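Please look over the model shown here before reading on. The report then takes up its sheet, its nonpolar cores and its domains.

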Amino acid sequence: MPRHSWILAAALSTAAAAQPAADKSLKLTIYNSNLALVEHVRPLTLAAGRHRIEFAGVSAEIMSQTVSFTGAGLTVVEQNFDYDLLTPEKLMEKAVGSRVRIVRTNPGTGVEIEETAEVLSTVGGVVLKIGDRIEVLREDGIPARVIFDEVPPNLRANPTLSVLANAAAPVNGDVTLAYLTRGLSWNADYVAVFEEAQGNVSLQGWITLTNNSGTTFANASAQLVAGDINVVGNEAEWWQVYNFRMNTRNNANVRRAGVESSGREQLADYYVYPLAQATTIANNQTKQVSFLSAERVRANRGYEQTFYGFASQQEPVSAEVRVRFSNSSAGGLGDQLPSGVVRVYARDARGQPQFVGEDRIGHTSAGSDLALKIGDAFDVTIQPTLRQTTQASRRDTDYDMSYLVRNARSQPVTVTIRQDNLWRFNEVRAESIAGRRTDADSFAWDVPVPANGEAELTFTIRQSW
Amino acid sequence: MRAKGTGLALAAAIAALPALAQDEVVVTSPRADSIAVTIYRDDLALVTETRTVELPSAPVTLVIDDVVETLLPQSAVLTDAARPLAESNFDFNGLTPRSLLERSIGETVTITRTNPATGRVTRTAATIVSVGEGVVLQTADGAEALYCSGLPERLELARVPDELLAKPRLSVKLAAGEAGPRTVKVTYLAHGFAWSSDYVAHLNERSSAMSLAGWATLTNSTGTVFEQAEVQLVAGRLNIIAFGEGGSEAEPVDADYEESDVDARARIAREQAEDDVALLRDCYPTGPPYFPRPSIRRFSAAPASAPQFMRMEAALEEITVTGARAVREELGDYQLYRLPWRTDLGARQTKQVLFLDEPSVRVERFYGFRLDSLEEPPEEDVAIPNLTVRFENTEAYGLGEPLPSGIVRVFEQYEGRDVLAGEAEVGDRPVGLPVELVIGRAQNVLLETTAEVDYEGRVFDRIVVATEHRIVNNKGVPIELEIRHGVEDYFTDVDLKRSSRPMRRKYGDFAWRFTVPPGEDLLRYTLSAREPP
């Protein structure tokens, strides 16, 4: 029904603006970074000649410089994104040179007087010509209504894209309009139920789509691209890059990057997740679609804490709790994980899943080892004490540290303590437990602590400059 | 005439867009059968709802109404439906002045104008043509802009468009399956909940023991009422990804985020609402001198239809104190406290529950004083030590229960009455750890500290500090005193050369603990250290 009325409207319209019918197909490619490629295909019937073709219902967050329009038998002359939204100001601007009616209400008597006026200018104030007089609208502050005869046809309630095109012969086919838009984005969300007793985690992955573009996309076939594409103007500042690096280094939850490939569809260097069914993404809607489900992925829990520098602390420090698993096929998962937040649940005494913390992962290739930080342990604490500092020589200093690890849980635990950010030359001179060098400027020790007990790690590190 | 026809067709097309596809089976679950709420420390709760729904065998859209408005859509999960879930949608087209007008484009409304002199009211039928920066109306006379004439003007609408919801709505699309009644679980995280712990301690007359009661204060600042809910509280620090942290990990996080998430959300919502309302009033230039626009405040003064969480700041309505004690269990690496029975948790309500009640915890009471620099003397000539209550969180001391962080208020007996002796903050304390509460400053106990600094060594790089503390105890009874001396990290080879009393190390400090009889006493010691080259 709407199709016929559109053609009729286009044919009868003296402004010769053709409006294609509703979308025949609508394709969306949505990226992680608040960006989407939209492709509308709409049927169009035109006589030969030059036409202005209007597209309503495009995204309000359209990046108009990215619009491309194609149609068989049509040559584009020019392309306009008339952001001429109908507002009171535009209404007045378009009335310049034409007549409007002014209804003034006398604030003393309440008498209404109607006059006809010609709008001369709207810059900085509305200048009117009423009969022989020139006036500025409401300069006297007296209430005055302005009545316009009609709404100009090219002002609209929604952003509209118009294309001026030449048709060599009558056209009866499909035209395609493609553009990039802001306001559509997606990321992954994961629900991980950690079954500690069974030593596994069940992982469900959801694609979360958000639409804040101001437009509803009806019956769209959507695909999602995982990967951080470069967008000019979106580059991070140096300090953001620095912060990010420090954050990644200090809280890295990827312990070993994977080298497996999954059978997922790829686009350039990115992974593509097509949605199986056409879907309607309403404005202001958050939509979730399942894309991954893995049961009984081998997992365990670990405690760790990293210390930078040597210092005593008055308050005990809680150990970080990490849930560790691998997304390798051997571990039971075997799929890459697009960037998102993993929410971890554990069961309470009644078997009900309870939320126990969350961590963000980056795009993680299959076969990676992950250690998600979910929180601070209530019952596992570390008390650091700097016992002595000794100047061994002009450049060498020995640091004698003690870490008292207490465990109030009824099971024994192992806590990994890392001493990080050491000077350029560093070595362990003595240690109560055999540790290991983790990189050029850090060492780590795995401290076993008995149930409801404590253990002390002591070591001496010499560092020099 | 033609233009008008086109306008109507356009309006019809817009109205048709949000409608769902035809012949879709929709089942609505109006409310939960039972509900469980697990409240975390900072502005978070896990809500688990049990709902019974009658499912047809065909694919179905299940609409879940009456969920908490602060729901985090990406955390929502439906389980036990026994059929595959195609997608899940969360819609919140909140009812605001702007959304109301925007969704009413093409609708017939009434514009009411009041003549400022005569008070005569004129009512005119109009159609909303556009809502953007300002509102444009079409009347039988022609087109007009709303709020531009300087007259008092008001719009009246016949109805609220269906797609505008006062509360958010969760809906899930389920594949075909077995028909019949089915009990499903809906779980999601929601903001607007918090709990804190407070302790009340009563010292006995000899200050050798105290009773310790722990109270959990839980707050529901949302607009949702929970009837007969199972309530749990979780103590411990969970890793929570900050609000406003966007899509990918590549977006760095501002660690010094001073505003809390609740504040940020409320502020953003408020600013958006204000901007939206301001934009509705945009006009063509109305010419200088600017006529004061009618001060129509009906939109800007806290719109009644604004999202619920904007009103969280409103005073919490009532505080309920319950008599029963919450039961503790371990949840992973946290402590979980379960309220023993189902309880009603009202909107904007605060409730208090007892979670710890120990009749007699053995305590030591001493006065403490700490110097935190090797060579810098204390700022005042005369220092007053702090009154400290110490105990160990063990069964031997009469305790041995995890203590979630909170404020401890200590009461003393004075002439048969309870007096507040002071309060102190305590962090999460697992079983086995010592707790020291600094509750106030000493009365009638003074310290005079003097230090003599000397340099030794071939290049005078060894600093030698002789410190003397003169203690004046005017209490008339002996007191326990602990003096600690901390040395800055940049000194090396720190050494206690001489001491008038035995020393032990405490948290890296040099510490002396001794009894001071009434009158005066002395502590003398010499510390030496090397300065870095």
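## A strand pair and its sheet

In chain B, strand β30 (residues 462-473) and strand β35 (residues 519-530) pair in the antiparallel sense over 12 bridges; strands here are DSSP runs of E of at least two residues, numbered from the N terminus, and two of them pair if DSSP finds at least two bridges between them. Within this pairing, Arg470(B) stands opposite Leu522(B) of β35(B).

Both strands belong to an open, antiparallel sheet of five strands in chain B, ordered β24-β29-β30-β35-β32. Its edge strands, each pairing on one side only, are β24 (382-383) and β32 (492-499) of chain B.

## Basis of the model

This is a predicted model, in which local features need pLDDT of at least 70 and side-chain atom pairs count only at pLDDT 80 or more, while totals for chains, interfaces and linings use all residues. Residues are numbered from 1 along each chain as its sequence is written, with chains lettered from A and ligands numbered from 1 in the order in which they are written.

## Nonpolar cores

A nonpolar core is a set of buried Ala, Val, Leu, Ile, Met, Phe, Trp, Tyr and Cys residues joined through C-beta atoms within 7 Å, a residue being buried if 20 or more other C-beta atoms, placed from the backbone, lie within 10 Å of its own. The largest such core has 173 residues, and Val415(A) and Val37(B) have the most contacts inside it. Strand β25 (residues 369-391) of chain A gives the most to this core, with eight residues. Apart from it lies another core, of 34 residues, among them Leu85(A) and Val129(B).

## Domains of chain A

By an automatic or database domain assignment, chain A is divided into domain 1 (2-82 + 155-182), domain 2 (88-147) and domain 3 (185-464). The C-alpha centres of domain 2 and domain 3 of chain A lie 66 Å apart.

Key
Helices (H or I, at least four residues) and strands (E, at least two) are DSSP runs, numbered from the N terminus. A residue is buried if 20 or more other C-beta atoms lie within 10 Å of its own, exposed if 12 or fewer, and partly exposed in between; C-beta atoms are placed from the backbone.
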